[in-house]
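Please have the structure open while I talk.

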Amino acid sequence: MAADKRGSKTVRDLLLSLVVLGFVVFVIYIFIPHDSQADPVKVVPFSVELGQARRDAPYPVAGPEGLGADWRSTSVTYDAADPKNVTWHIGFVDPDQQYVAVEQSNGASDAFVASVTLNSHRDGTRTVTAGGHTWERWTGGRYTALVLKDPKVTTVVLGTAQDAQLKQMAAALQERGGH
């Protein structure tokens, strides 16, 4: 008979524990902010880093000008640790909620393009004209990319966005600085 009492106590204790745990979860849910309507994109200003890159980089640094407020910058990095491979990155969410980034480096062009485009490849001889430049079009990896190779710097506009958005970003780029 002792086993029966102990068995029913165990079930009762389990149920009480579940009720207490449920109450704790409910209280946590009430007090932790959760806004399902909030925009998950955190905008990151880039003007300070762009200014620094334009002062320090050994090449003219590209930054977008004239894009609408619906283009939101989400990431920015400037790395000058290796003078032979100075990199500049700025990422955006475009008006269609797709990713678009600008990548630049004075390092080895082919290795840089393969790295930032996640192994895209040249789309035949297809080119795109934007911002007064003729860009190579790259596809096949995770991103579609527009690539502009110059003796001093390789510039890549890449992303999950449609070609029109990539072209709009490429056209908005203004290069300044460099030494």
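This is a predicted model: local features need pLDDT of at least 70, side-chain atom pairs count only at pLDDT 80 or more; totals for chains, interfaces and linings use all residues.

Let me begin with helix α2, which spans residues 47-56 and in which Leu 50, Ala 53 and Arg 54 are buried. These three residues lie on the same side of α2, because the arc they cover around the axis is only 95°.

What do the buried residues of α2 pack against? Their partners are four strands, namely β1 (61-64), β2 (72-79), β3 (87-93) and β9 (173-176). On the face turned away from this buried side, α2 carries Val 48 and Arg 55, both of which are exposed.

Why can we call β4, residues 99-105, largely enclosed by the rest of the structure? The reason is that 6 of its 7 residues are buried. Strand β4 also runs antiparallel to β8, residues 154-159, with 6 bridges joining them, and in this pairing Val 100 stands opposite Gly 159 of β8.

Is Tyr 99 buried, exposed or partly exposed? Its relative accessibility is 24%, and it therefore counts as partly exposed, given that buried would require under 20%. Leaving aside neighbours within four places in sequence, Tyr 99 is in contact with residues including His 89, Gly 91 and Phe 92, and also with Tyr 143, Leu 158 and Gly 159. Its C-alpha atom is separated by 9.9 Å from that of Trp 71, a residue 28 places away along the chain.

**Around β6**

Turning now to strand β6, residues 133-139, we find it mostly covered, with 5 of its 7 residues buried. Strand β6 pairs in the antiparallel sense with β5, residues 121-130, over 6 bridges, and Thr 134 in β6 is the bridge partner of Thr 129. The hairpin that β5 and β6 form has 2 residues between the strands, and Gly 131 in the turn has a positive phi of about 60°.

Strand β6 pairs with β7, residues 144-149, as well, again in the antiparallel sense, over 3 bridges; here the bridge partner of Glu 136 is Val 147 in β7. These two strands form a hairpin with 4 residues between them, where Gly 140 in the turn has a positive phi of about 105°.

**A nonpolar patch**

Finally, let me come to the surface, where Val 11, Leu 14, Leu 15, Leu 18, Leu 21 and Val 25 form a nonpolar patch with about 580 Å² of accessible area together. One of these residues, Leu 21, lies in helix α1, residues 2-31. Leu 21 counts as exposed because its relative accessible area is 51%, and the cut-off for that label is over 50%.

Note on methods
Residues are numbered from 1 along each chain as its sequence is written. Side-chain values use heavy atoms; hydrogens and water are left out. Buried means under 20% relative accessible area, exposed over 50%, partly exposed in between (1.4 Å probe, protein chains only). The arc is that of the directions from the helix axis to the C-beta atoms. Contact means heavy atoms within 4.5 Å. Two strands pair if DSSP finds at least two bridges between them. Patches are made of residues with over 30% relative accessible area and no salt bridge: like charges are joined within 9 Å, nonpolar side chains (Val, Leu, Ile, Met, Phe, Trp, Tyr) within 5 Å. Accessible areas come from the Shrake-Rupley method with a 1.4 Å probe; for residues, only the protein chains shown count as cover. A salt bridge is a side-chain nitrogen of Lys or Arg within 4 Å of a carboxyl oxygen of Asp or Glu.
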